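Subject: Structure handover

Hello,

Please find the structure below. My notes on it follow.

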Amino acid sequence: MRFFKNLARGARGLFRKESVEREMDEELREFLDASVADKLNRGMLPEQAIRAARAEMGSGNALKHRIRSTGWESSLEILLQDLRHSLRGLLRTPGFTFVAVLSLALGIGANTAIFTLIRQVMLHNLPVRDPQQLVTFGTSEGDGILGGIDLGMFDQFTYDFAHQLESQPGPFSGVAYYSSFPPKVSVRNGGAEAAVQVSASLVSGNYFSVLGAAPFFGRAIFPSDADAPNRSAVVVISHHYWQQILSADPAIVGKTISVNSTPFTVVGVMPEAFHGFKQELEPPDLWVPITMVEQIMLQPNMLTPRSFYFLHMFARRSTQSTLSADQAWLDRQIHDYVRAGEGATIAAARLQEIDRLTVRLIPGSHGVSFMRTQYGMSLKILMAVVAIVLLIACSNLANFLLARGVSRQREIATRLALGSTRSRIVRQSLIESLILSMAGGAFGLAIAFAATRALIVFVAEGATYTALDPLPDTAVLLFTIGVSLLAGLLFGLAPALHAARSSAGPVLSANTRTVSSGGGSRSRLAPKALVVAQIMLSLLLLVGAGLFLRTLRNLQGQDYGFERSRLLIAGFDARLAGYKPEQVPELNRRLVDRLSTLPGVRAAALSSTPPISMGSWRSSISIPGYTPQPKEDMGSPINRVSGQYFEATGIPLVAGRAIAPSDQAGTMKVAVINETMVRRFFPNGGAVGRSVKINIDAVAGPWQIVGVARDTKSGDPREKAQRMIYLPLSQIVGKNGEGIGDSFAYSIALRTSGEPAATIQDLRTAIASVDPNLPLLQVRTIQEHLETFMSHEALISRLTVIFALLALLLACIGLYGVMSFNVARRSNEIGIRIALGATGGGVRWMVLRESILLLVAGLLLGLPISLGAANMVRSQLYELSPFDPAILLTSGAVIAAVSLFAAWLPARRASAVDPMIALRCE
Amino acid sequence: MGQNDVVQGTLEMLILKTLALEPMHGYGMALRIEQVSEGVFRVNPGSLLPALARMERAGRVKSEWRTSENNRRAKYYMLTARGRKALSDESETWNRQAAAIARIMEA
């Protein structure tokens with residue numbers, strides 16, 4: 001009760017000042033009158049009485065002040081006063097304030113954005129039960145359908161092995177599996193609606209129970225859904241799909257959607273945070289039992305034993321077993337399986353080889369992420385870069401506050417002499433620092449939102465929906481705000497405490513015409529040290545930026561092996577439109593004919609994979625007359641291409657001829673191989689004319705080599721070129737010329753005479769005219785296509801350049817600020833020097849000399865640090881030494897130039913000091 | 001400390017005791033303390049009024065405007081229950097302290 005009474009009274013004191021004031025006046029007046037009356041009673045004369053009474057009371061105002069300060073509202077008022085005072089003071093130097101706040105905001109915003117991304121990509125725990133118990137079989141990084149490998153290679157397994165372990169999980173409490181890549185499927189919701197293409201994931205019956213992932217509503221997939229092939233057409237959909245495409249229909253469970261023209265019943269919806277076990281850039285929207293693989297992948301016989309290796313596996317460990325026991329058990333299962341498939345007698349060497357097969361168990365609490373491996377290092381580098389920028393920003397803030405502290409020494413001394421308490425002075429400095437930090441934090445928050453979004457757009461390479469949350473991470477935000485608060489408090493508080501501690505006398509009486517009037521050279525050490533640190537860090541960032549830029553340039557400029565301009569690449573998948581293999585050769589013919597007639601297209605071609613891609617279709621080969629070494633890799637990627645492929649992509653032939661439209665189903669089977677193949681298998685030349693057997697189902701060889709093409713680069717631009725065999729698409733047909741599963745083409749290449757972007761619309765129209773149901777999955781110019789492979793190079797280098805320039809700007813401003821402040825404080829000293837005959841140039845040199853010293857110190861100290869850091873990121877560089885002298889020199893020169901410019905202006909101001917004015921004002 | 005100032009820290013206790021008898025206004029209290037202490041303690045308004053304001057905030061006294069003996073309006077203060085309790089606590093502490101000091105001084 002008392003609390004509220006107090007509150008009310010205080011509030012009255014705040015908001016009804018006049019009535020409270022009046023009351024106090026009245027009370028005092030009453031007191032005075034009573035006192036006078038009493039004294040008159042005792043026999044004093046009227047004037048004496050009045051004087052005595054007044055003397056007893058003392059100053060009315062002081063008394064009222066004392067009475068007022070007993071309440072809490074006066075402290076609040078004082079606080080508000082200090083707040084207003086600090087704010088006014090900050091606004092009086094808008095330039096400095098703006099820069100301090102801005103640098104802090106940028107540091108905080110950028111830091112938060114990067115950390116948010118890193119947290120999500122690298123550190124996010126799966127939204128499942130007890131994720132620390134999960135282990136993956138291998139890294140599960142590969143994706144695709146492999147054949148003819150040993151079990152567990154590339155962490156891919158067959159259905160029969162996975163299913164066997166699912167039923168008998170050994171020491172694990174559960175073993176589950178899923179398709180190693182999410183195939184795109186065509187989904188239709190109601191009859192008339194257009195189809196959308198989404199990713200689907202094929203999973204084992206126990207996938208959700210092993211993960212411990214509960215659905216949002218409905219049910220997940222059960223083992224009973226996956227007991228027989230082509231039964232149980234059920235599907236669990238993602239939260240995103242449910243919200244966006246199905247408009248959050250609350251009665252969705254039990255309804256049917258059509259997936260690749262097969263009706264599936266929706267049985268459940270997953271929660272928003274669940275994106276499956278493997279974190280893809282485009283997360284799957286559907287989960288389907290593995291037994292429905294034929295409808296999803298549109299390929300038969302995927303479940304046939306020992307044929308297709310396309311599943312990743314993971315398990316939940318039980319608390320009873322040790323990791324080594326689990327590992328031993330898994331390896332034993334793999335060995336038994338492979339041995340059982342080899343037949344009756346196995347060579348001793350092969351037995352040994354089998355025993356060496358192993359798939360490492362890896363903790364899977366964060367799931368598997370392609371992004372993590374691809375971007376892991378890049379993000380770490382960016383983290384370091386942004387941390388450095390934050391450091392520089394904090395130094396600016398610190399410098400600013402230090403300068404203010406020094407310039408206010410006289411003010412503080414005066415206030416102390418006039419009776420202010422030390423605590424009030426310290427409190428005011430505190431408030432000032434807090435205002436700056438808060439302002440910086442607020443702007444930083446805004447920047448964090450924008451920057452996170454921008455960063456995600458960049459990382460996602462244009463995918464329309466990713467699993468990345470653009471909301472900045474609160475923990476990181478609080479951390480960075482805390483850091484800036486700390487910096488502000490530290491550097492704002494220190495000089496205030498120091499000044500408040502010292503007595504007013506020496507400072508006030510100090511002869512302001514001496515050097516020590518500016519606070520002495522000792523007080524200038526801290527700002528100088530900070531500036532040197534800023535220069536060091538800027539050098540580091542500039543060198544880093546230079547290295548990454550050059551790397552990017554090197555990567556972009558390298559020879560990919562084909563013509564790199566005026567090329568349009570598009571992806572499509574006829575299976576999504578319901579095409580059967582028999583219809584494919586005809587479709588391919590129609591497409592090539594139609595596309596070749598497009599205006600502005602010089603050559604049009606189809607292929608199974610685009611000229612550069614991450615994935616490839618591999619097969620094993622054998623060359624008559626060539627005995628392979630033991631364990632030699634006799635496989636090769638194969639690209640099935642239509643007649644004009646080499647003309648369209650501009651891949652030159654170095655011997656023989658290219659694949660021509662005349663190579664048809666009935667003519668001799670021909671092949672073109674690339675230089676790497678020749679180097680390996682025909683080192684003495686004479687490849688043209690030889691034949692090669694290629695292991696493709698349903699198509700018998702042999703194939704005659706008619707040409708040798710130049711090497712092209714594969715997915716990773718840093719890797720050496722891989723082998724490649726080109727086969728005519730029209731010759732990948734069955735015995736009677738009918739289309740087979742491998743007759744499908746998935747990529748279109750168009751060589752244009754003008755800008756490729758101009759032909760995109762024509763391409764779409766042309767495809768639609770051939771078949772309006774045929775979806776075009778992606779259309780890109782070759783430049784865009786290449787850029788996706790270099791996206792993380794581009795990411796690091798562009799962002800590093802931006803941050804390096806930002807850091808340089810901040811350091812430059814910091815230097816300018818410190819120098820000009822020094823000049824201002826020394827204006828008396830400079831005035832005397834000029835009055836005593838120093839020239840303008842002499843004074844300029846005196847100031848410049850100080851700056852140059854700082855610059856040189858910064859560069860010298862920063863050099864070994866930059867070299868060390870460059871060495872650490874050596875793995876990210878391409879065809880570039882980390883100690884590249886050109887980059888070091890350029891960075892140093894840039895910093896020197898900028899610093900000299902920043903120092904020049906104050907120096908000029910110093911030389912322009914009018915001694916009369918400088919000496920006159922105190 | 002001046003000759004006639006109250007012992008440090010005892011002002012509130014003295015005020016409480018003074019008000020225990022009857023409600024008074026500011027000057028009346030000062031007069032009473034001076035009279036009862038036979039001139040030893042003189043409280044000036046500079047200490048009295050802020051002390052009264054503090055005690056009011058602490059809930060030990062409450063105030064209201066009344067007409068005084070010479071028909072003027074004055075602010076009268078009176079003890080609250082909490083004030084009474086504070087008075088008994090503080091006087092007990094004071095007695096203990098005074099006895100201890102006396103013992104030491106006579107030893």
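Which side chain does the side chain of A:Asn639 join in a polar contact of 3.0 Å? The partner is the side chain of A:Ser608. A polar contact here is a pair of N or O atoms within 3.5 Å; within protein, one atom must be able to donate a hydrogen and the other to accept it, and residues adjacent in sequence count only if both atoms are side-chain atoms.

Before the rest, the conventions. This is a predicted model, in which local features need pLDDT of at least 70 and side-chain atom pairs count only at pLDDT 80 or more, while totals for chains, interfaces and linings use all residues. Residues are numbered from 1 along each chain as its sequence is written, chains are lettered from A and ligands numbered from 1 in the order in which they are written, and side-chain values use heavy atoms, with hydrogens and water left out.

Around A:Asn639

A:Asn639 lies in strand β17 of chain A, residues 635-641. Helices (H or I, at least four residues) and strands (E, at least two) are DSSP runs, numbered from the N terminus. A:Asn639 is buried, because its relative accessible area is 2%; buried means under 20%, exposed over 50% and partly exposed in between, with a 1.4 Å probe and protein chains only. The A:Asn639 side chain also reaches the backbone nitrogen of A:Thr609 at 3.0 Å. Beyond its neighbours within four places in sequence, A:Asn639 has contacts (heavy atoms within 4.5 Å) that include A:Tyr645, A:Met724 and A:Leu727.

Strand β10 of chain A

In β10(A), residues 286-289, A:Leu286 and A:Val288 point one way and A:Trp287 and A:Pro289 the other, and all are buried. In a regular strand the side chains alternate between the two faces of the sheet. Strand β4 of chain A (residues 196-203) pairs with β10(A) in the parallel sense over four bridges; pairing requires that DSSP finds at least two bridges between two strands. A:Val203 stands opposite A:Pro289 of β10(A). Strand β6 of chain A (residues 234-237) runs antiparallel to β10(A), joined by two bridges, and A:Ile237 has A:Leu286 as its bridge partner.

Chain B

Chain B has four helices and three strands, in the order α-β-α-α-β-β-α from the N terminus. Of its 107 residues, 41% are buried. The accessible surface of chain B is about 6,300 Å², with 51% belonging to carbon and sulfur atoms; the areas come from the Shrake-Rupley method with a 1.4 Å probe, and for residues only the protein chains shown count as cover. The three strands form an open antiparallel sheet in the order β1-β3-β2. Its edge strands are β1 (24-25) and β2 (61-67), each pairing on one side only. Two bridges join β1(B) to β3(B), and B:His25 stands opposite B:Tyr76 in β3(B).

Interface of chains A and B

The contact takes 27 residues from chain B and 25 residues from chain A. About 2,300 Å² is buried between the two chains, 55% of it from carbon and sulfur atoms; buried area is the accessible area (1.4 Å probe) that two parts lose on being put together, summed over both. There are four salt bridges between the chains, a salt bridge being a side-chain nitrogen of Lys or Arg within 4 Å of a carboxyl oxygen of Asp or Glu. One of them joins B:Lys75 and A:Glu23 (3.6 Å, N to O). On the chain B side, the elements giving two or more residues are α2 (26-36), α3 (45-58) and β3 (73-79). The largest share, eleven residues, comes from α3(B).

Regards
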